[in-house]
Amino acid sequence: MKTNIFKPGAAIKWAAVFLASAALPAFAQNDTNRFHALVLAERGDQHEAFVAAALPWLKAMAARDHFALDVFENPNSFNKAFLDKYQVFIQLNYPPYRWSDEAKAAFQDYIEQGRGGWVGLHHATLLGEFDGYPMWPWFSDFMGGIRFKSYIAKRVAGTVVVEDAVHPSLTGLPATFVVKEEEWYTYDKDPRPNVHVLAHVDESSYEPSSDIKMGDHPVIWTNEKMKARNIYILMGHHPSLFTNDSYKTLLRNAILWAAGDKNLDKSGAGETNRVTK
């Protein structure tokens, strides 16, 4: 397993330590590494604690499951040739704006042509006009034609209800599981007509209760119209998720499935294939 961290000019103290300990030579595919994963991580602001917890967890998963992991904090270097080195793209809360036109075109090609798989978390559906950046219509369509509307800022616990228990990403999950301290995003419309919903949140289970609701509220889904294996997981705000066994099982399954792994066993043994349906 090889892990590389790529940072912009402004260094964050803890990340500098992580870089010193984790950075290794450039990736070379071999019999040990089953696949090569790209992580686009959103640093700073309200999601820093979650991302700071996610990165060492991902590093440990890569070691156990025998894959290489490269971490980037912006998509500036992304183009078609660059993305072709990776079998799975993990969008770790980085929102779908502030991307260059070249990076957008490369990502669209990556998903539409099935050049690799994709796992998007939480902030990956922050769709709209933000910080002076326009809407990315293609990404909105990719996520079911949605636009971000609101969220539960005070954070509440909610019960996630599995709808498709046979999907590989949900293997080993209970029929329901509780996620604590989440910002449950709402959208301008239900994505269900345009995507395959794998799980929803039971809004009546919110603790404490909230008036911010959608009615039907999908929280895990995949767009089967795309050639790439893809999965969006709404939950991804609080670092306590990495003490939640159901969430960790879900995220591990999702990464291995999106990467084209044929065997989601606990031993880490398995094969990979170029992403196909």
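Residues are numbered from 1 along each chain as its sequence is written, and side-chain values use heavy atoms, without hydrogens and water.

**Confidence**
- Residues 5–30 also have pLDDT under 50, with 45 contacts beyond four places in sequence.
- Where pLDDT is low, the predicted coordinates should not be read in detail.
- The average pLDDT of the protein is 87, and 83% of the residues score at least 70.

**Overall make-up**
- Six helices and 12 strands are present; these are DSSP runs numbered from the N terminus, helices being H or I of at least four residues and strands E of at least two.
- Of the 277 residues, 55% are buried, meaning under 20% relative accessible area with a 1.4 Å probe, protein chains only.

**Helices α2 and α6**
- Helix α2 (residues 48–65) packs with helix α6 (residues 245–258) at an angle of about 60°, their axes 12 Å apart; axes are lines fitted to C-alpha atoms over the stretch in contact, and angles run from 0 to 180 degrees between N-to-C directions.
- The contact involves F50, W57, L58, M61, R64 and D65 of α2, and Y247, K248, L251, R252, I255 and L256 of α6.

Terms used
This is a predicted model: local features need pLDDT of at least 70, side-chain atom pairs count only at pLDDT 80 or more; totals for chains, interfaces and linings use all residues. Contact means heavy atoms within 4.5 Å. pLDDT is the predictor's confidence in each residue, from 0 to 100. Buried means under 20% relative accessible area, exposed over 50%, partly exposed in between (1.4 Å probe, protein chains only).
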